[in-house]
Amino acid sequence: PPPLPLAALTERLIQVLLVTDFPSRPNHPISSLPYSETAPQYDQLRREMVSLISNTHHHLHLLLTLPPHLTTIDQLTPDDTQRFLVSIPQDTLDVLVSNPLTKAAYNRLAMVAQSLTDIEQQLHNLVTAAAAAAFVATKQIPPKMNLVVRPLMAVLRKERQASFQAVSAAAVAALTDLLLKEQVQKERREAGDGG
């Protein structure tokens, strides 16, 4: 396909950056699909859910069921899992954690759901920071500074890999340079108009 004109590209980047208010399960910007990199963790999440339900039924003769809005285990998300875990009635939970096998299954499920949420959050931070860095590379002032600064700073603060930090740091420096040049031009225009 032919390259996008600069205006279309910057508009698309803004659309991606606007998708920053997400639940605990962030998705690809402008997509309802989970990141493909998380497929093994999703498989593990589903296995752990089945394990908890089957162990609870087998060892305690208690019936735990999937949340009613799920028609298949393949739709299970970390958010669904968290809601499921907190919806277990306290008396059932007390019995569940009194058995070492079902307690271990419960704890594994909670751990996998939290781990998957953390991985998705990290991936989302990297994707939005890459979009922010790309926007800065267009040498345009963003309509809202936070759209660009927030994802870049999130990577600078939270990312362990130096290469990702370096890209974000370079984008912050380029944005700062762009803003300073814009301010100098504005001051020159004002000085020329006032004189």
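**Close-up 1. Packing of helix 1.** In this predicted model, the buried residues of helix 1 pack against helix 5 (100-137) and helix 6 (145-158). Contact means heavy atoms within 4.5 Å, and helices are DSSP runs (H or I, at least four residues) numbered from the N terminus. Buried in helix 1 are T10, L13, I14, V16 and L17; the term stands for under 20% relative accessible area, with exposed over 50% (1.4 Å probe, protein chains only). They cover an arc of only 160° around the axis, so they sit on the same side of helix 1; the arc is taken from the directions from the helix axis to the C-beta atoms.

Close-up 2. In helix 4 (residues 90-98), T92, L93 and L96 are buried. These residues fall within an arc of 100° seen down the axis, and therefore line one face of helix 4. On the other side, Q90, D91 and S98 are exposed. Helix 2 (39-60) and helix 5 are among what covers the buried residues of helix 4.

**Close-up 3. Residues lining the largest pocket.** Lining residues, which have an atom within 4 Å of a pocket point, include D118, Q122, L126, K158 and R160. Helix 5 supplies the largest share of the lining, five residues. Helix 5 and helix 6 each give at least two residues.

**Notes.** Residues are numbered from 1 along each chain as its sequence is written. Local features need pLDDT of at least 70, side-chain atom pairs count only at pLDDT 80 or more, totals for chains, interfaces and linings use all residues, and side-chain values use heavy atoms, with hydrogens and water left out.

How values were computed. On a 1 Å grid over the protein atoms alone, a cavity is a set of points where a 1.4 Å probe fits but cannot get out, and a pocket is an open set with protein on both sides within 12 Å along at least five of seven lines; lining residues have an atom within 4 Å of a point.
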